[in-house]
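Work through the exercises below with the sequence and the structure at hand. Each task is followed by a worked solution.

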Amino acid sequence: MMGPAHALSGAAAWLGVGAVAAGMGEPMPWPVLVAGALICAGAALAPDLDHKAATISRAFGPVSRWMCEVIDKLSYAVYKSTRGKGDARRSGGHRTLTHTWIWAAMCGALAAAIAVYGGRWGVLAVLFVHMVLAIEGLLWRHARVSSDVLVWLLGATSAWMLADVLDQPGNGAQWLFDQPGQSYLWIGLPIALGALVHCIGDALTVSGCPILWPIPIGRKRWYPIGPPKAMRFRAGSWVEIKVLTPVFMALGAVGALLGLGLVG
C-alpha cells in the first residue's frame, strides 16, 4: 500500500486497541489513545525504510535518504544469506527484513528502551520521529507542498506538547507498566503494531509480504504471505483509495468513540 493508507491503517489499529481495552474495563487515558494513534500512524510508514522512493525516505532529508540506502543494503544482505532453495534471486532488499515480525518487535523494543532509559529527551526523540512520519502520512497533501523545516517544526512542537500532557499524573506515562522505572515502556507497543499493520497491508497487494520470516514455508524462507491472488490489488489502485481508505477512517472513528467511552 501507499503511505497515506499505511498511516491511516496504523492509526485505526491503535484506536481499535483502545476500544478493546475500554471493553475489558481497562480504558486508556485519552493522551495515550491520541499519542498512540499518531505514533502508530508514523510507525506504519517505517518498514519502507528499505525503499528509496518511499515517503519515509523524504521525511528527514539527507539523513533518511542515507538510512534508506543502508537499510536496503542490509536487508538485501540478510535476504541473500538466508534465502531458501525456493526463494527467488533478487537485486534489492525491499520487502524483506523490514517487512517481518522480527523487525517489528525489534523496533518496538528499541523505541521502548530509548524512552525508558533516555529520560525525557529519549521520549521526545521517539515522539518527534513518529510525529513527523504521522504528518507525512496523514497530512501528505500539505506535507508535499510545505518545506521540510515546517514539517519538522510541527513534529517537534507536537512531540513537546504530547510529552507535557503525558507527564501529568494519571495521563498515561505509566499506563500498563506502573512499576518504578517503567514509565513510557508502553511506547514500544504502537510502534511494533504499526510495523505489523504495514506488513499486513502489503500482504494484501499482488506481491505479498514475508511477515513470518525466518519460519520456512515449503522450500521458501521468505514466503510472501497473502490472500488468494484473486483478492489482491496493486498498491495505489482504486481498491486502496476508494475502499480501504474510507474503511480505515470509519474503523478509526468507531475505535476512538469506544476508546474514549463516548459510546457503548
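**Exercise 1.** In this predicted model, decide whether the sulfur of Cys199 is close enough to a cysteine sulfur for a bond or too far.

Solution. The cysteine sulfur closest to that of Cys199 belongs to Cys209, at 4.3 Å. A disulfide requires sulfur atoms within 2.5 Å, so the pair is too far apart for a bond. Cys209 is accordingly in no disulfide, and the count of disulfides comes to zero. As for burial, the cut-off is under 20% relative accessible area. Cys199 has 0% and therefore counts as buried; Cys209, also at 0%, is buried.

**Exercise 2.** Find how many residues of helix α2 are buried, and what they pack against.

Solution. Helix α2 covers residues 30-43. Eleven of its 14 residues are buried, which leaves the helix mostly covered. Among them are Pro31, Val32, Leu33 and Cys40. The buried residues pack against α1 (3-23), α6, α8 (148-167), α9 (188-203) and α10 (238-259). As a check on length, 14 residues at 1.5 Å a residue should span 20 Å, and the end C-alpha atoms of α2 are 20 Å apart, so the two agree.

**Exercise 3.** Describe how α2 packs with α6.

Solution. Take the angle: the helices α2 and α6 (residues 119-138) pack at about 70°, their axes 7 Å apart. Angles of 65 to 115 degrees count as roughly perpendicular, so α2 and α6 are roughly perpendicular to each other. Next, list the contact: α2 contributes Ala35, Leu38, Ile39, Ala41, Gly42 and Ala43, and α6 contributes Leu127, His130, Met131, Leu133, Ala134 and Leu138. Sorted by type, the residues of this contact are ten nonpolar, two polar and no charged.

Definitions and conventions:
Residues are numbered from 1 along each chain as its sequence is written. This is a predicted model: local features need pLDDT of at least 70, side-chain atom pairs count only at pLDDT 80 or more; totals for chains, interfaces and linings use all residues. Side-chain values use heavy atoms; hydrogens and water are left out. Axes are lines fitted to C-alpha atoms, for helices over the stretch in contact, and angles run from 0 to 180 degrees between N-to-C directions. Helices (H or I, at least four residues) and strands (E, at least two) are DSSP runs, numbered from the N terminus. Angles under 35 degrees count as roughly parallel, over 145 as roughly antiparallel, 65 to 115 as roughly perpendicular and the rest as oblique. Contact means heavy atoms within 4.5 Å. Ala, Val, Leu, Ile, Met, Phe, Trp, Tyr, Cys and Pro count as nonpolar, Asp, Glu, Lys and Arg as charged, and the others, Gly among them, as polar. Buried means under 20% relative accessible area, exposed over 50%, partly exposed in between (1.4 Å probe, protein chains only). The expected span of a helix is 1.5 Å times one less than its number of residues.
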